[in-house]
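Subject: Structure for your review

Dear colleague,

Please find below the sequence and structure that I am handing over to you. My findings follow them.

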Amino acid sequence: MGLMEPLLTERSVEPVEEDDDTIEVNTIDASEANGYVDDLNANDCMTIKIGQVFRDSEEAFTEYVKFAKKRGYAVRKQRTYHRDWGDKGICRRDFVCHRSGSGERKGDGEEATGNEKRNRRSIRCNCQAHMSICAIRNGDGYLWEVRGFSDEHTHDLLNQNEVRHLAAYRFISDHFKNRLVSLDKARMPLKDIMRLLEKEQNVEVGGLPFNVRDARHFLNAYKTIRWKNDPSHLVMICKRLKDKDNEFRYDYQVDEENQLEHIAWSHATSLHGYEHYGDVVLFDTTYKLNAYKMLVGIWVGMTIDGQTCFFGCCLLRNKRKSSFEWALRVFLEFMKGKAPQTILTDQDPGILEAVHKVMPNTRQALCLWQIGRKLPSWLGNKLGTQFKEFKDVFDQLPELETEEEFDARWWDMIEKYGLSANTHMGSLYESRHMWAKPYLTSYFFAGMRTISRLETMYAYINHTVSSQTLLDEFIAQVGRAVEELDHVGEQITAHQEMDNIDFQTGGPIEEHASKILTPYAFGLFKKEVISSFHYACYSNEPGVWVVKHNSSEERDCKVHHVVGEELISCSCMAFEHNGILCRHAITVLQRNNCFQTPDQYLLHRWCRESLTQLPIVDGELDGHKERLDHLQVLVAEFVEEYAKTKEHYNVAVEIIKNSIAKIREMGCPSSIGHNDFNDVDIPSVVLAEDQNGFENTDPVLWNTTDSITKGRFREESDKPRTECAKKQRMCRSSGCVQMGHDEILSLSK
């Protein structure tokens, strides 16, 4: 089905189930008549008269709905009468105007109990318009005859532009239901969804057969039906992903009532990324899935290209210490027991205690972005207009270099703004050893401590997590985010490798670093080299250098360096925190005529050789993506080595020709598998799960990806498989006359 859908469609009304009493009042909601919204031609002559006969009651109701719409009102089913004799079947039906009856609510005038509905104004005005039909014998069956009819109204009728807004004529068809669900999964705002659907249908604003309110009610009902069964669906999806990719990791825990309590998972690419970039990890627990009251925990890091790297995700039922301990233990199991050097978290006592217990050798630090995010709620009302000034002063504290200076500035700030009795600030001062720079001398952060880097990471997390996301959709959403990160990282790496190196100074230190550091790390190093020209240094004692800025804006730094030795350190501790040599140390190296940075100050984490390090995998590479990634790493190293000289090039060409010939002798597969994650069959709309564990899908809401497919499904084709096979071509390589090698040849190129 294409994107275009007829705006006005019909649907059948479900038959009324009746009891065996004489008279039963069966109030039908206006939405029962929802489907009878056929567009009526202005020339249609539609009349209802006493004595008119219909084949069945539903046909009579349909005709009455069409008549009412043409006249400018809606109708509803009122009463159903049963026979007292024989089969006790239905003998009479009454249909009335939608404004029939009084507007008094049940319970008016009674004592309030707290469960009353909202006292909204009613549209009912005792309108007397109605149609009554009775069953008459016709051989072995029955026909339905109009016995009573009135078209006299006590209210004004609507014109055709107004009547379409009545609830009885608003309807969300199957096509639009699937479009709403799929666009909502993409986290598009509802108003934007409506605007997009109006564009697709080429209608004006409000021209759809439903409004924003109807769409919101449908999505809420859809989510309400599904959320109770989501936990079991989530576990099933994890099992499928595990079957598709043996490197996919997941674990879960149930409570005493056999309900899902915690679950955690990590993708294969995340495991490989952690092997290289797992030295510093941010464990974020900011977000929550509101519908399930489950806490979302995400582990992220930073690659050598400066991009956010996803390591794993968990959903926790509560914030207890035991929950965080379970999550951290499972994370270590996923990562083969390798704990990070440094982990960044928030101030939650449960997380801090859990990290200390599960990862005793890992250094803990508080996330500065989280602290800054909480300050407005802590002090905004108290400080008022002074808060901005306070925030500027507070932002300078984490970067002070000595404990004495930090304490002096802290207490000056507390006294100036009258915060000595504030419990939040007292707690923050007690934990200063986890966020203030003077107390973090031996911590390595890989550049993740800066506010700008943390903002980038949290922007990625916010893009991944939505409080309204359903559980079984959440894992697919995380998987897509991981693939997006991988794709962006590959693009950035390719562009950086192709771009020519831009030297700012042309000095030997800069040139030497460009051959070793990755483009991202070299960009950071280059900034430090450029900034070093604004500093001067002198030595008061052997091995100790004082580095001064050309202005008085910055305080002096002390650099320890002995000429001829390969050791250098600076009081600013930038290298210890980020792994990039600081401008102060570079100033001293240049002053002492050092033309290269000592090797131990070009960390392996930021070196180009880590780009060509093969991923660590267990067993064989079963997935096509993993094999492709592995080969790309080998080819990159191969090309770099054999392109250096003409002799190397000739040897490389001979090796490639021999390898291709050997692969052809082995034969080639007819097709290449799809991405393992995309092979998982996750139904777009899953409404329930039966006791046997099989999914029960709504027959109305089919997979939305099928709705834009033209033609017959492949599995329904009645052509023999041999007739559908692609015709093989003769290989175009010189000296080869075999068939069907174009695909492999293109890959080898």
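UniProt positions are given in the numbering used here, feature names are shortened, and annotations may be inferred rather than shown by experiment. The UniProt annotation "domain: SWIM-type", from an unreviewed entry, covers residues 561–593.

Residues are numbered from 1 along each chain as its sequence is written, and side-chain values use heavy atoms, with hydrogens and water left out.

Confidence

The mean pLDDT of the protein chain (the predictor's confidence in each residue, from 0 to 100) is 76, and 70% of its residues reach 70 or more. Confidence is highest in α8, at a mean of 96, and lowest in strand β1 (residues 23–25), at 30. Over residues 668–728 the pLDDT is below 50, although this stretch has 98 contacts (heavy atoms within 4.5 Å) beyond near neighbours in sequence. Where pLDDT is low, the predicted coordinates should not be read in detail.

Helix pairs

The axes of helix α8 (residues 321–334) and helix α9 (residues 349–358) come within 8 Å and cross at roughly 45°. Here axes are lines fitted to C-alpha atoms, for helices over the stretch in contact, and angles run from 0 to 180 degrees between N-to-C directions.

Helix α12 (residues 403–417) and helix α13 (residues 423–430) have axes that come within 12 Å and cross at roughly 180°, so α12 and α13 are roughly antiparallel to each other. Trp-410 and Trp-411 are among the α12 residues that meet Met-425, Leu-428 and Tyr-429 in α13.

The axes of helix α17 (residues 519–532) and helix α19 (residues 583–591) come within 8 Å and cross at roughly 60°; α17 and α19 are therefore oblique to each other. In this pair, Phe-525 is one of the α17 residues that meet Arg-583, Ile-586, Thr-587 and Gln-590 in α19.

Yours sincerely

Definitions and conventions. This is a predicted model: local features need pLDDT of at least 70, side-chain atom pairs count only at pLDDT 80 or more; totals for chains, interfaces and linings use all residues. Helices (H or I, at least four residues) and strands (E, at least two) are DSSP runs, numbered from the N terminus. Angles under 35 degrees count as roughly parallel, over 145 as roughly antiparallel, 65 to 115 as roughly perpendicular and the rest as oblique.
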